[in-house]
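This briefing goes through the chain contacts, a domain division and a helix packing of the structure shown below. Please read it alongside the sequence and the coordinates.

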Amino acid sequence: MLYLNIIVAGLLTGAVYGLMALGLSVIFGVIRVVNFAHGEMMVLAMYAAYVANRKTGIDPLLFLPAATLLLFLLGYALQRGLINRYIARPDHEQFLLLLAIGTIITASLLMGFGPDARNVQLQYAYDSYEIAGVLLDKVRVLAAAGALIGVAALTLFFRFTRTGKAIRACADNQVGAQVVGLDVKRLYAITFGLGAACVGAAGSLLLLLIDVQPYIAPDYTLLGFIIVILGGLGSMSGALLGGLLVGVSEALSGFIIEPSFKSALSFALLILVLLVRPQGLLGRGA
Amino acid sequence: MRETRRRAVALALFAVVMALLPLFVSTYVVSVLIVVLFAAYFGQAWNIVTGFAGQLSLGHALYVGLGAYASAVLFVRFGLPPWLGMIAGMAIAALVGSLIAALSFRFSVTGVYFALLTIAFNEFTRILFDHFGWVGATSGLFLPVANRIRDDLLMLRGSPLMFYYCLLALSLGALGLSHFLLRRRIGYYWQAIREDQEAAEALGIDVFRYKVAAMALSAAMTAVGGAFLAFYDNNLYPDTVFAIGRSVEIITAPIIGGLGTLFGPILGAFVLTTLGEAMTQVSSGFAIDGLKQWCYGAALLLIVALQPAGLWPWLERRLGLAAGRR
Amino acid sequence: MSATPLLEVEDLSKRFRGLQAVDSVSLTVPKGSIVALIGPNGAGKTTTFNLIAGAIRPDSGRVRLDGADITGLRPDQACHAGIGRTFQLVKPFGALSVLENVTVGALRASADMATARRSAMAILERLGLADKADIPAKSLTLPERKRLETARALATKPKILLLDEVMAGLRPTEIDAMVTTFADLARESGIAILLTEHVMRAVMALAEHIIVLHHGQKICEGTPQQVSRDPAVLECYLGTAAAHA
């Protein structure tokens, strides 16, 4: 029963991870740029939610739409203004560019907030539901619900809207897309914006669960990659599945072995997947 | 060729200046220069696998750590001189590097995926060492600091000056090795693989073998630097030695200086360390957390935006040292 | 002249997920001769090349070079066996100089750097690229890149040179120049050449023997005169061959 509680908690956290990773998957899957500043963008959103909470008392859950919009705009601007020139450039240049961006974000946050951990005080922080004998933290349930709604919204967007389909066309065949008249630059900017929006939403939700501090960013960038590769590039359900898996494995390994070991298992999983099934669990075949 | 002669002269000048510098500057500057030389050396070593052979490794701190721990543990537990312990470190690092490369390339894991794989191995090892009791785990491993009046080169116990000259020799040696390799078949083949792997194969190059060799050499060289790091710092913690931040640090200098060039790593090391120190001095006046980092990030951004091929190719042309291409 | 052909391709087949790209293709290239492989787009010419050169593994069939079975060898192994090939979309080592590019090829034949460089330089002279020896390959024009590609493959001292649509994108004067180069090459060094081409002008001028592919199958072979009159060939080309000849 204890294990069940842990697994469920892992699943709930994993849903938020999935939303974060979804952003990464979308960016990498369409634009083929590795967003090494992914974690930093999420932390930025977390701080935005924190500030909003301090100033107005607004619950991060309710701040979610604002965080999403803010990060969308940031992502759009970054892609259009800066990153777009680096799409065809070698991997290491892209890496350095995003590293620089990430460093500036982290440094700005450090300058603004200092290195101490910050969190939001929630009235319902200690509430929990009990369903079929399993104890569910209210905070986790709400966060997971938010995440699933975000994932669903994005999936619907790509499936049913014209822009969404246009973006998918770009991902499949960039030259072809240009030939039929799609404005690839604009679509890429929207895509990056959407990826950033995911991460903004995820950040707002994550603030419900953990404290924020400028230096946690790289861990989440890495986590995002593990999840995306695990679940399969280009697969949105893969990102979610990967997130859930990683959430559970972290929870379990943290409990069974030791808390500091939880990422070790994730890395081992990553190594295994990269070697054995690089397209991931749900990704399109090689 | 005139340019080759000029380059040789410039290099000799550089070596002489660096050798005499400690006589004229404070111990603080010497310690900063040691940081530069470490960065230059690690950058040179990394340049071999990523700059020459074109395989992006983002987890090179792994080899720093392996070299550091191997030599340190052998010294602390068995009294083995670091020059021998270093060899053990090189062997272990070369083995691990070869394994990672062989596994990856066998399974066609390349490009970004390969880079992520190197990060994964790096992090995994860090966590492993965090729990490795015999080498101190998270509490760290400490080298006894002997109270000696003179420098002990054999046991690498001594003043910063001793380390300075060791590292200078190491950096110049790495430069020499890189230069030597680039002019030989292995260097040509590595670059061919980097430029176009398919074309390289069609010309008779066993791509797999050469890529693994690049990784093995790069790892071994990095491990040597790791050993010196251990004996210079006198303490080792998995979370600092194997830190991903260190992996990122290692690659920043060569990229800024010029990936795949001969002098890029050294130039990059000088520029970045000077920048870092200047930032520290400036921001300590303001006492603002993160200002140094902000300027650092901004500098990186500027260089990537304006001179993505690195500063050395640009400087080379200005100084009239460009030998046609490199 | 020896009876065994230099290159023997026997019943080579390759299927790609529902498309039979190459269907039981057999051909031979005698020592020192020039053979052309032609056919409409999608006929399977480049796939056949890739199968011979080791870039793709055949599903069935055999490839023999100078009596040795080289079926399924890796591209680098095939090169050591004596296959030199160029690519349809040229692949220069952009950051390296022209001389360095060819030296990479020459190092296959001799491990000594000085010898390799000399050999490379000689080939550059022969192909008219000697004055560009020290400039980066990425600065070359397309015809120059094509010559560089050929020079590099030649430097490996192959027994047979596989030229993949090497005339594509060239102007008539450039084509004529290349034709002369290859004709001289074959005559002087005794190297065999197997080329795939769309440019009929070059094919008619160079080839002693032509093989025609269509939908992955060999539909005709013979001398240029025989092939250009063959009804099956004319049909599959819909008269294009006649227009270019």
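This is a predicted model: local features need pLDDT of at least 70, side-chain atom pairs count only at pLDDT 80 or more; totals for chains, interfaces and linings use all residues.

## How the chains touch

**Chains A and B**

- The contact between these chains draws 34 residues from chain A and 35 residues from chain B.
- On the side of chain A that touches chain B, the elements that give two or more residues are α4 (91–113), α9 (217–231) and α11 (262–276) of chain A, and it is α4(A) that gives the most, with 15 residues.
- By class, the residues on the side of chain A that touches chain B comprise 24 nonpolar, 7 polar and 3 charged.

**Chains B and C**

- Here 19 residues of chain B are in contact with 25 residues of chain C.
- Two or more residues are given to the side of chain B that touches chain C by each of α7 (185–195) and α8 (197–202) of chain B, with α7(B) giving the most, namely 6 residues.
- The side of chain B that touches chain C divides by class into 8 nonpolar, 3 polar and 8 charged residues.

**Domains of chain C**

- Chain C is divided into domain 1, which covers 11–82 + 158–244, and domain 2, which covers 93–142 + 150–155.
- The C-alpha centres of domain 1 and domain 2 of chain C lie 25 Å apart, and the contact between these domains takes 6 residues from domain 1 of chain C and 6 residues from domain 2 of chain C.
- On the side of domain 1 of chain C that touches domain 2 of chain C, the residues are 4 nonpolar, 2 polar and no charged.

**A helix pair in chain A**

- Helix α6 (residues 162–172) of chain A packs with helix α8 (residues 184–209) of chain A at an angle of about 105°, and their axes are 10 Å apart.
- Because angles of 65 to 115 degrees count as roughly perpendicular, α6(A) and α8(A) are therefore roughly perpendicular to each other.
- From α6(A), the contact is made by A:Thr163, A:Ala166, A:Ile167 and A:Cys170, while α8(A) contributes A:Val184, A:Leu187, A:Ile190 and A:Thr191.
- Sorted by class, the contact of α6(A) with α8(A) has 6 nonpolar and 2 polar residues, and no charged residues.

Technical notes:
Residues are numbered from 1 along each chain as its sequence is written. Chains are lettered from A and ligands numbered from 1 in the order in which they are written. Axes are lines fitted to C-alpha atoms, for helices over the stretch in contact, and angles run from 0 to 180 degrees between N-to-C directions. Helices (H or I, at least four residues) and strands (E, at least two) are DSSP runs, numbered from the N terminus. Angles under 35 degrees count as roughly parallel, over 145 as roughly antiparallel, 65 to 115 as roughly perpendicular and the rest as oblique. Two residues are in contact if their C-beta atoms, placed from the backbone, lie within 7 Å. Ala, Val, Leu, Ile, Met, Phe, Trp, Tyr, Cys and Pro count as nonpolar, Asp, Glu, Lys and Arg as charged, and the others, Gly among them, as polar. Domain bounds come from an automatic or database domain assignment.
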